[in-house]
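Have the viewer open as you read.

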Amino acid sequence: MGEINEVIVKSIIDNREYKFSTGKLANQAHGSVWVQGGDTVVLVTAVTQPLEREIDFMPLVVEYQEMSYASGRIPGTYFKREIGRPSEREILVSRLIDRPIRPLFPEGFRDEVQIIATVLSADPDCDPDVLSVNGASAALHISQIPFLGPIGCVRVAYVNGNFIVNPTKLELEYSKIDIVVAGTKEAVVMVEGSSEFVEEKLLVEAIEWAHQHIQKLIDAQEELRQKVGKPKILVEQREEDQELENLVRELGKAPLSEALRIPSKVERKNALKKVETQIVNEITTRFSVDEAFQERLKNVPKMIKKLESEIVREWIKNNEPRIDGRSLTDIRNISIEIGLLPRAHGSALFARGETKALGVVTLGSSQDEQHVETLTGDVSKRFMVHYNFPPYCVGEVKMLRGPSRREIGHGALAERSLAPVLPSPEEFPFTIRLVSEIMESNGSSSMATVCAGSLALMDAGVPIKKHVAGVAMGLIKEDDDFYILTDILGDEDHLGDMDFKVAGTKEGITGIQLDIKVTGISKEILMKALNQAKEARLHILEQMEKVISKPREELSEYAPRIEVLEVNPERIKDIIGPSGKNIKAILKDTGATIDIEDTGKITIFAPNKELLTKTVERIMYYDQKPELGKIYEGTIKLLKDFGAIVEILPGVNGLVHISQLDVGRISNIHQQFSPGQKIRVKVIDIEKDTGKIKLSRKAVLLEEQRNRYHHKKRDYNKNNFNKRGPRHSDSFDKKR
């Protein structure tokens, strides 16, 4: 048996032990780390290989997978194995791992890198997502893959005035903050999460507090590298083609500056493309066209992008207007329209500059909830946000292949941001689906989704507590100087150093997502960005409230209706019927959704008001009590010589004595009546002690005779009056 050379490093954070180990599993991977917290175990591997083609980006792939056996479960799929497309949870955690490590690969490294994080054991009180981020960093750090880490990652909660690192599931339920923070030794590189109307200062304190605890995880990874680390691959820095770069700057600075000043995204893009073509053509005329020149020419587009970045950043540093003429703190023009879609339950179009999001709300019953299978058990979601980014919104042609990872991530961010203002299921027992269709995009479409979603929810009559708005902040950082940009454009996102999305109400922050392209940002930058975002958020909320300030009092006429009934629990069996016959008939005829509880509580969701009324009547038919003096159409259940047993309501029987079956004498009851026959009977007595019901058909027949007599008499008088009436009337008028 081969010897296992396992190396273990431990770290203690807030009395909980975290273990990093390597050497036992996946030793053919370039980096392999077993990371454990509590009973949660994640195996993270990192592998690299050269690419045969040249590319201008870092080809990093991150895959996170949750194995059902980790929590002692068998997959609920038909094949009983983890196959096919990853779940939304797995995609979101993959993004969580990817975002903090991607900026930390050295410039010029273009080998393919794949990171796989596999959950082998799941402890409900120790989420594997944070462990996976730490494991990915550790696997990269001990491998030969060049990496400017390590990084540490923790989750932070805030309960009863105290911060908690990596809280348990129960602690999170009582927490006002749920954020994941990742950082290097020096600074924070990523923040992701939600909060319940938390002020900016408290959030910065939480991030700073998290960064302090991150240090222990970084120290553990450094110790692990000291013991087993491999020599890093040297990244060859390409020699700059200074001659060509100077020529690009000479030819391109003026026309690029002019093109970058065009406010319209499409026109600006076309103008920049035209300038690029002109630069390439001019350079071609100045050089001899040979194979070496063609190789050099490949770098021109990259040089042009670098020059564009320099121009825009120079404007910001010199306090000149931004690309579209705004100052650092200006927000683009906002326009809002609600109730666009006649048949939708709620809709709103939110436009900020050239970014437009159409929010559409659909209400459904509890049966429309999303049921998700997780490592800790099945959960149900009554609120879903789905973000769609079709290719036409950026003027592109692309095959529609289902939601991308980016779309799933943006939808989750908007969902977290809006969730704190939703009513409880007791207040509003509907399932709510919000779809954001991005109609046009030029930066911050995820935050436009938050705004459009809040407006659409109010338009649908969902009693949300208050409006939620979001804005994306940017950063230009040059040495110790930094500049915060409010409401960034797409180009400012690409050319800048930070994408900081902040959503919330007037009272505080509800959603946050920070991604940076530099090695980290300081507390000072965080605080300034959050304060500047608050000013922008308040302005946007003011514009939204001018259009609709509170939820509509009435739901759309096309929205489903709900009513809760309380019936006698003993009647439940009658409502359901034999083999569900009665309830199936009601569902088929009305299209309603009916939830029945053993306590007698019945919740009805119907497609509209008319069908709701019909459904209520059908159900209450089985819960009626017989009324003295009321006439019912009943069914003969049993015939005896002394009379008939008649069912007048479901499960409610009464006796019609033979003397009460007809006006005259009945010689043979079995010849005149038969079981299953329908007869009209009147309740003539209900015994107080026993509840026995006495019925009479005779009383109904006599009443019908009297009614016929009175009708004939009234008709006779009416006809006689019509014959004589006009003569009396004429003579009366003559006398007058």
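Let's begin with Asp-574, which lies in helix α13 (residues 572–576); helices (H or I, at least four residues) and strands (E, at least two) are DSSP runs, numbered from the N terminus. Asp-574 counts as buried because its relative accessible area is 16%, where buried means under 20%, exposed over 50% and partly exposed in between (1.4 Å probe, protein chains only). Leaving aside residues up to four places away in sequence, Asp-574 touches Asn-582, Tyr-622 and Pro-650, a contact being heavy atoms within 4.5 Å.

A word on the source: this is a predicted model, in which local features need pLDDT of at least 70 and side-chain atom pairs count only at pLDDT 80 or more, while totals for chains, interfaces and linings use all residues. Residues are numbered from 1 along each chain as its sequence is written, and side-chain values use heavy atoms, with hydrogens and water left out.

Now to the sheet. Five strands form an open sheet in the order β11-β12-β13-β17-β16, with mixed pairing; two strands pair if DSSP finds at least two bridges between them. At its edges are β11 (334–338) and β16 (383–388), each pairing on one side only. Strands β13 (residues 355–364) and β17 (residues 431–440) are antiparallel partners over nine bridges, and Leu-363 stands opposite Ile-432 in β17.

| Helix | Strands | Angle |
|---|---|---|
| α9 (residues 405–418) | lies across β16 and β17 | about 140° to β16 |
| α12 (residues 523–547) | touches β11 and β12 (346–352) | about 35° with β11 |

Angles run from 0 to 180 degrees between N-to-C directions, with axes fitted to C-alpha atoms, for helices over the stretch in contact.
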